[in-house]
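Here is a short report for a first look at a structure. It takes up model confidence and one annotated site.

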Amino acid sequence: MEKDLNGAVDMQIDECGQNKHSRNQEDQDFSSNILKCTMESSSLMQTFVDGYHGKHPAQDQSYLSRREFSFTLENDIYLRFQSFKNANEMEQSVKEKCPHKIDIGPVYSIDPVKRHAYAQSGSNGFAPVERELVFDIDISEYNDVRYCCTGSDICLDCWPLMAIAIKVIDAALRDDFGFNHILWVYSGRRGVHCWVCDSKARRLSNEQRSSIADYLHVYKGSENSSKKASLTGSVLHPFLVRSYTNVLIDYFEKKLMHSQKLFSYEERYQKILGVIPDESIVTELHDKWKADRKSSSCFEENRWNQLKSLLQSRKQKVQGLRRCVEEIVFTYTYPRIDMEVSKHMNHLLKAPFCVHPKTGRVCVPMDPQHCDSFDPTAVPTLSKLLEELNTGGWKADTENGWSGTSLGESIQFFRSSFLQPLLKTCREEMESSYNAKVQSNKNSLNW
Amino acid sequence: MEIIRSQKKNETTSTNLSLYRSAPVLEVRLDDFELYAIDRLRVLKGISDGLSRGKKPDEMEKLVNELWRSNMRHLDASQITNKDIISHFVLRLVYCRTEELRKWFLSMETTLFRYRFRIESPESQRVLMAEFQLPYKALSHVEYEGVKDKLVQVSRSIGQTSTVDTLFFKVPFQEVPELVANRRVFLLKGNAYVAMNQVASIVVSHFRSNLSKALVLTNRKWTSTIREQEKGRLTPIVEALSSSYLGPDYSQSREIADISLKDIDQLANSSFPLCMRHLFNRLREDHHLKHGGRMQLGLFLKGVGLRLEDALAFWRAEFSQKVGSERFEKEYAYTVRHNYGKEGKRTDYTPYSCQKIISFTPSVGDHHGCPYRHFSEDNLRAALSTMGIGGRAMDDVMDKVRNHHYQLACTLTFEAIHSSSCDTGINHPNQYFSQSRKLLSPKDQLST
């Protein structure tokens with residue numbers, strides 16, 4: 001595990017160089033600089049990993065070579081089931097093939113390159129055995145509740161939707177499921193990815209993955225129904241209550257309601273009113289708001305309060321009306337994860353530090369604690385990085401090869417907040433399982 | 001397993017439910033070997049039918065109970081447990097041999113276990129949990145107090161009331177995926193807080209994973225040694241048993257079921273008149289029929305004895321492939337129930353007669369009507385030849401068609417297929433069907 005995450009980093013850094021290399025043939029300085037830097041950083045990683053890890057007797061030597069990588073070449077040519085024995089081999093292959101995008105797949109029971117050799121030997125010869133638990137959240141899934149952007153664009157007005165998703169899911173993964181090694185990255189274009197790397201997460205079966213995805217899933221995106229969040233039961237599950245009070249309601253009332261001007265236009269508030277099953281309330285509010293023609297900056301505040309007080313005052317009469325307030329907030333804020341990505345071990349996901357082929361933005365890690373202040377539009381792009389390297393001059397000091405660039409901070413964060421704790425845990429787990437094995441061997445000998 | 005709030009372990013509590021941990025060391029007569037297995041197969045097959053009809057949990061519980069009681073008794077009460085265990089292990093041998101067989105067996109045995117577990121008393125449920133050596137601890141009082149509010153909240157969110165006496169177990173969330181998926185448990189730091197009445201879920205998932213592993217091992221043993229060693233004795237029995245599952249007419253009880261879903265393909269092939277065969281095949285191929293076709297085939301199927309729940313399952317299975325099950329329930333299920341007199345003005349509609357079918361004017365995309373009248377000559381010839389009509393018989397049929405004697409053409413087809421005369425002539429598709437059944441399986445007491 002550790003090995004290939006490092007590998008992934010090498011590879012991505014590698015790729016930056018490569019892409020640029022092929023695009024800027026004319027500028028030899030650029031590319032040779034980048035290439036040098038790449039070499040340096042991957043050899044750093046290599047030492048870093050092998051330094052303590054390769055010598056441990058419990059290490060599984062074939063782990064990396066059983067991991068699937070997938071390359072997307074120019075013209076959308078996909079090369080699936082690539083695998084590498086070590087970081088060097090990967091580096092060579094990336095240089096040779098110049099992929100625009102690299103995806104990481106599961107670790108299989110056997111080297112995926114050799115999968116055909118096992119095809120005849122029965123159905124369970126070639127199967128995924130380990131895989132990080134991953135989540136993919138795309139802003140385009142929220143297109144019915146945001147008015148600032150369309151399609152796959154993302155801006156600071158709709159970024160809070162992503163911040164909500166990160167906060168809600170991160171809290172559930174840590175507090176409910178007890179995971180610790182969670183990496184959040186901006187995908188480079190329209191959303192965020194989450195990699196849960198705890199060893200118990202990597203060993204989850206498809207069924208267990210599905211159960212987690214379902215646990216987190218509230219949104220029902222049917223085109224034909226106005227109600228998109230289904231909340232049943234007389235009270236909500238503690239997880240939903242916590243998400244609502246800690247995250248959703250604040251973001252809705254303080255940010256999204258205003259930034260998306262949800263109550264200022266008839267077409268928008270009509271959609272909200274559509275969630276309310278009581279005709280008379282809908283008509284009352286609608287008529288009132290429509291008559292109110294003078295423009296005001298506090299439409300949102302006022303109308304939302306009117307709606308709330310009306311729904312909550314009639315609480316005793318019609319069951320489920322009170323729930324409407326929550327349903328509206330859930331509909332407009334609750335995370336909409338791509339379920340299929342999380343449910344199956346063999347789903348591919350773009351590697352961190354990859355450059356998004358369409359935007360040129362680097363897929364950078366971010367701190368879930370500070371995801372509010374993250375600005376997707378300010379993420380370093382390939383050309384910016386090159387410029388920085390060129391003007392600032394890259395440092396010979398390999399430890400901080402990227403420190404002069406806008407990527408420096410991301411890499412620093414990745415190492416200190418994610419990679420090092422993860423490696424530490426892995427080493428401890430490996431040692432304890434090794435010791436247990438040694439111990440049990442001893443016992444069985446005594447016996 | 002440690003149970004804190006019920007320290008007393010009742011030594012005398014015993015359970016009839018076996019976990020099938022190891023193969024029995026018993027002498028079994030070869031006859032019993034086979035008979036027990038067939039009896040258990042009846043139970044599993046019944047469960048499979050029940051599941052495919054979409055029965056609800058409480059209906060399934062009743063069904064499993066009945067199946068178990070009617071098939072797994074034994075004259076000698078002391079032998080009942082042995083019969084259970086022996087038949088289970090025989091079927092393991094039978095169903096270990098391919099991935100598909102394993103999957104089916106695993107799924108049916110797990111379902112069987114689930115419902116048998118549910119009806120056990122709480123004491124024996126606890127004994128079973130102990131037998132699984134589940135390493136879970138019941139919540140201590142202090143722990144319980146710490147999360148009490150959340151536990152109450154969860155119970156209320158799923159519409160249950162938890163009392164102070166409810167025992168909770170702390171279980172790694174991975175063990176109870178069903179409960180996690182439906183948010184039926186409280187989760188904290190990777191542990192699910194499972195109430196005593198939810199433990200079935202844990203025990204069943206253990207049962208399932210144990211059996212799944214055991215089946216793979218059995219398969220290995222079977223291919224490496226048993227098959228060869230038992231070549232003259234068990235191997236033929238085992239091989240015959242697995243094909244008897246695939247056979248068309250297994251464990252059919254004629255007194256109650258008229259026709260059952262699993263036979264329908266075979267019946268369509270042998271005993272449906274051409275008009276119904278055509279609709280049936282189109283439906284299987286296109287997963288859709290327009291209204292006229294649905295009425296003509298649907299009422300015919302009702303007439304031959306397909307019960308409402310089977311009819312719903314049958315149409316759902318096809319239509320949901322095309323329009324999705326949600327749309328099926330919304331738009332099509334109504335007409336199926338309507339045909340059975342369960343909706344609207346609640347008339348029990350009768351199947352169409354030949355006269356009515358011949359009088360239809362089907363249009364683009366329609367498949368109903370009478371093929372002898374509405375098909376082009378080429379299409380009719382092609383259709384008849386798939387029924388095995390050829391040579392002289394084909395000429396005779398086509399001759400009647402040209403002279404507009406459609407029912408006579410159908411009668412000739414019937415006679416050619418069944419090699420038997422049909423003096424009354426065909427004037428109703430359901431009559432065609434029942435006469436065909438009488439000829440093909442004379443022992444059947446079909447009254448239709």
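In which helix of chain B does Cys275(B) lie? Cys275(B) lies in helix α11 (residues 274–286) of chain B. Helices here are DSSP runs (H or I, at least four residues), numbered from the N terminus.

This is a predicted model: local features need pLDDT of at least 70, side-chain atom pairs count only at pLDDT 80 or more, and totals for chains, interfaces and linings use all residues. Residues are numbered from 1 along each chain as its sequence is written, chains are lettered from A and ligands numbered from 1 in the order written, and side-chain values use heavy atoms, without hydrogens and water.

**The site in chain B**

UniProt, in an unreviewed entry, places a "binding site" at Cys275(B), Cys354(B), Cys370(B) and Cys410(B). They span 136 residues in sequence, yet no two of their C-alpha atoms are more than 9.9 Å apart, so they gather at one spot. Such annotations may be inferred rather than shown by experiment; positions follow the numbering used here, and feature names are shortened.

Two of these cysteines are set out below. Contact means heavy atoms within 4.5 Å. Neighbours within four places in sequence are left aside.

**Confidence in chain A**

The mean pLDDT (the predictor's confidence in each residue, from 0 to 100) of chain A is 78. In chain A, 76% of residues reach 70 or more. Confidence is lowest in helix α2 (residues 28–52) of chain A, at a mean of 38. Helix α4 (residues 159–176) of chain A is highest, at 96. Over residues 1–55 of chain A the pLDDT is below 50. Where pLDDT is low, the predicted coordinates should not be read in detail.

Note on methods:
Helix = DSSP H or I, 4+ residues; strand = E, 2+ residues; numbered from the N terminus.
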